[in-house]
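Visitor: Good morning. Could we look through this structure together, starting with a term I will need?

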Amino acid sequence: LPAFNVTGRDGLVASSQTLSRSGHWLLLLRRDTCVPCDRLMNAMATGNSVQPGGGQAYAIIVAGRQKDGLDTVRAAYAPLANATWVGDTQGQAFAAFKPHGYPMLYAMDGSRIAWSVPGTLGDPAQVELRAAAWVKVSATTTAATPSASTTTPAASTTTPAASVPPAAAGK
């Protein structure tokens, strides 16, 4: 994941590294006012990539200069309420990714970009199907990995062997 700063819904600036999570997840870079972006997000909001979890597998970066652009876009897509929503009001994400327009969907494997696809392809539903398949692979892998715990004899306490970030939980 390239280095850049984003602004959270609370107005605080955060590093792009705060978006990263383990497993497969999706990063969507879009503009606040963008018809192709809306078409892709409509397909995603009604598709299989947001369920279960209400979009937890998504980090959505809304680029634009309008202060309320992030909240306006987020309000339009209730099925993606559990996604991580951030703003790119300074254009740092655009400069870091150098997308070929908006929207751009990045399939992430941890902090590595596995593949990307412009959402301006002829059929947003096809992009959503690809996104759903990517998230499903991670959910299958997570479900196949037992949630083990270990007991330490000296302390006699049980501690989780691995923690699953909220973005990967419940997939």
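Predicted model: local features only at pLDDT ≥ 70, side-chain atom pairs only at ≥ 80, totals over all residues.

Visitor: How much space lies in the second largest pocket?

Guide: The second largest pocket holds about 200 Å³ of space.

Visitor: And which residues lie nearest its centre?

Guide: They are T7, Q66, K67, L70 and T89, out of 16 residues that line the second largest pocket. Strand 1 (5-8), strand 4 (58-63), helix 2 (69-76) and strand 5 (84-88) each give two or more residues to that lining.

Visitor: Which element gives the most?

Guide: Helix 2 does, with 3 residues.

Visitor: What is the lining like by class?

Guide: The lining of the second largest pocket has 8 polar, 5 charged and 3 nonpolar residues.

Visitor: Charged residues bring me to another topic. How many salt bridges are there?

Guide: The count comes to 3 salt bridges. In general, side chains of opposite charge can pair when their charged atoms come close.

Visitor: What does R9 pair with?

Guide: The side chain of R9 meets that of D71 in a salt bridge, at 3.8 Å from N to O. R9 lies in the loop between strand 1 and strand 2 (13-15), while D71 belongs to helix 2, so the pair ties together parts that are 62 residues apart in sequence.

Visitor: Is R30 buried or exposed?

Guide: R30 is buried, because its relative accessible area is 0% and the cut-off for buried is under 20%. Its salt-bridge partner is D38, at 2.9 Å from N to O. D38 is partly exposed, with a relative accessible area of 27%.

Visitor: What about R112?

Guide: R112 and D109 form a salt bridge through their side chains, at 3.4 Å from N to O. R112 counts as partly exposed at 47% relative accessibility, and D109 is partly exposed at 31%.

Visitor: Let us turn to helix 1. Which of its residues are buried?

Guide: In helix 1, the buried residues are C37, L40, M41, A43, M44 and A45.

Visitor: What span should helix 1 have?

Guide: Helix 1 (residues 35-46) has 12 residues, so at 1.5 Å a residue it should span 16 Å. The C-alpha atoms at its ends are 17 Å apart, which agrees.

Note on methods: Residues numbered from 1 in each chain as written. Heavy atoms only, no water. Helix = DSSP H or I, 4+ residues; strand = E, 2+ residues; numbered from the N terminus. Expected span 1.5 Å × (residues − 1). Buried < 20%, exposed > 50% of the residue type's maximum accessible area, 1.4 Å probe, protein only. 1 Å grid on protein atoms, 1.4 Å probe; cavity = no way out; pocket = protein on both sides within 12 Å on 5 of 7 lines; lining within 4 Å. Points joined across faces, edges and corners; volume = space filled by probe spheres on them. Nonpolar A, V, L, I, M, F, W, Y, C, P; charged D, E, K, R; others polar. Salt bridge = Lys/Arg side-chain N within 4 Å of Asp/Glu carboxyl O.
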